[in-house]
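Dear colleague,

Please find the structure we discussed below, followed by a short account of what was found in it.

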Amino acid sequence: MTVDILSSIKGSQPSEAVNKLFEAIKNANSTNNNSFNKNHNNAVSLDDLRDDVVINSPNIEKQLIIENFPKEKNGYLVVAKVIEE
Amino acid sequence: MSQIRKIHTQLKNKEITCVKLVQDRLDLLKSNTHNTVNSLLDTLALELAKNVDAKIKNGQDIGLLEGIPFGIKDVYMLQGTLATASSDLLKNYKSPYTATAIQKLLDAGAIPLVKENCDSFGHGSSSENTIFGAVKNAVNTDLVGGGSSGGSAVNVAKDFTVFSIGGDTGGSIRQPAGFNNVYGFKPTYGRISRFGLMAYASSTDCVGPIAKSIEDIRLVLNVMSGKDVKDQTTYESTEISASNILNAEEIKTVGYFKNFIETDAIDQKIKSNFLASIEKIKAKGIQVKELDFFEADTLVSTYYTLAMAETASNLSRLDGTNYGQRIEGENLKDTYSITRSENFSEETKRRIVGGNQVLSQGFSDEIYLKGLNLRDQIVENFEKDFKEVDIILSPVTPNTPPKIGDSLKNPLAMYLSDAYTVGFSLGQLPTLTIPQGTATGLQITAAKNNDELVLKFANFLKDTI
């Protein structure tokens with residue numbers, strides 16, 4: 001898939017500046033390839049997971065979410081036309 | 001001198017009213033020509049100020065932050081107010097809820113005045129990538145304000161706000177603080193909740209204060225810190241007391257990265273001033289060690305590769321379906337791509353496309369996974385260093401602030417200018433910019449979760465260099 005489709009941005013192209021960064025990564029010395037991911041310890045412990053409960057949003061929050069919706073017709077929120085491919 | 005304590009005393013002694021304090025600052029913000037303001041929160045601020053005045057009039061005690069005016073980078077949610085991320089896509093978006101860090105400040109009685117200009121979605125190092133006009137430096141208006149939290153740093157430097165809340169993903173608090181001669185702190189990742197901060201690169205995004213004194217940084221940091229069930233990467237931290245950061249005797253060894261200094265890329269004056277600061281530290285009997293670190297281009301490339309991958313993912317929700325400036329196309333997919341191509345800035349598009357490039361098949365192994373691996377090595381390097389030294393000291397930037405217009409012309413040069421800040425982001429380490437030492441300040445870094453030591457050393461340097 002091309003990057004414009006992957007990014008959902010019409011006509012987008014890879015940039016020269018960013019490609020230079022990628023070249024630097026490719027050329028960088030990476031000594032211990034087996035150590036992948038061992039320092040990423042931001043995961044939450046199982047004992048510390050939050051409760052699996054539904055918290056109802058306050059009315060003001062619901063109202064603001066509706067206000068932010070881009071399009072409304074006859075009291076309905078309208079999304080773009082969906083096509084089957 | 002703590003601005004917060006000074007104003008607190010003035011309010012308590014009835015030397016000024018809170019309404020006047022707030023109105024004066026709102027007037028300054030409104031008439032300022034540095035392009036720091038995305039929207040003013042005047043109605044809310046004046047209402048809150050009246051409540052504080054009523055309390056004082058009734059003889060009630062007020063908390064230290066009560067009535068203190070502050071600014072918020074326009075990437076935070078504050079219920080009912082605009083949260084634009086300085087972008088066309090969200091220019092009419094209203095926050096449905098309030099960020100945890102901001103809520104804690106409101107609970108402490110601080111008064112929000114302004115949503116502050118910044119690089120769109122945090123994508124930039126100069127605060128020029130914004131629909132509200134380039135932020136102008138507090139000292140020299142021909143120069144950039146720094147970024148991405150440029151509006152916040154300039155507002156603090158010009159005394160338009162007493163403190164401001166910025167966001168730092170790869171240096172976005174520390175660099176503008178350095179460019180405008182104020183303090184800016186990126187705490188340890190997870191010390192402050194990210195809930196309600198628009199996500200850029202979630203694994204390095206940090207909330208932090210910008211202020212004019214170490215004491216004000218400490219006070220605001222303490223209020224915002226703490227575990228939050230809405231951000232499961234947060235952790236419980238203890239309050240940093242004023243008395244604990246006064247004495248820096250426990251700091252025996254300071255290190256600096258030799259390759260940051262011994263390079264042609266650094267401005268000669270920044271280099272000589274940095275080395276002069278090192279000599280003053282040595283003269284106080286502290287041992288200084290030269291440390292080895294990764295090449296600047298490796299650091300920058302690792303950071304940008306991972307940050308772009310994360311931002312491509314985080315910003316994929318911005319498609320105009322449930323919110324945002326939707327532009328209708330022929331069908332759903334067309335609507336997505338027109339909405340995104342018309343409403344994202346060139347820099348944001350560059351980063352999203354770069355992120356999708358590295359995450360796509362055929363690229364991910366040699367770039368994205370290698371980037372993750374390099375990050376692991378950087379983290380290991382820091383762990384090794386902090387067995388040898390208590391503090392790492394660095395310049396904030398290799399060069400002085402660029403002229404407005406230059407960074408937009410040369411994005412690669414802008415990325416490379418982040419060479420000294422991004423490493424500490426990848427390491428998730430607490431790092432403070434102080435307005436001393438070089439033209440763009442110095443960075444003080446300690447090991448993970450050792451935010452207290454950073455402030456301690458900052459107090460020591462205040463009297464030393």
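**Interface between chain B and chain A**

Between them, chain B and chain A bury about 4900 Å², where buried area is the accessible area (1.4 Å probe) that two parts lose on being put together, summed over both; carbon and sulfur atoms account for 60% of it. This is a predicted model, in which local features need pLDDT of at least 70 and side-chain atom pairs count only at pLDDT 80 or more, while totals for chains, interfaces and linings use all residues. Side-chain values use heavy atoms, with hydrogens and water left out; residues are numbered from 1 along each chain as its sequence is written, and chains are lettered from A and ligands numbered from 1 in the order in which they are written.

The contact (heavy atoms within 4.5 Å) involves 69 residues of chain B and 54 residues of chain A. Five salt bridges cross the interface, each defined as a side-chain nitrogen of Lys or Arg within 4 Å of a carboxyl oxygen of Asp or Glu. A:Glu67 forms a salt bridge with B:Lys94, with 3.0 Å between the closest N and O atoms.

The helices of chain B that each supply at least two residues to the side touching chain A include helix 10 (296–314) and helix 13 (364–388); helices are DSSP runs (H or I, at least four residues), numbered from the N terminus. Helix 13 of chain B gives the largest share of that side, 14 residues.

**B:Ser237**

B:Ser237 touches B:Arg191, B:Ser225 and B:Gly226, not counting residues up to four places away in sequence. The C-alpha atoms of B:Ser237 and B:Asp142 are 41 Å apart, with the two residues 95 apart along the chain.

Yours sincerely
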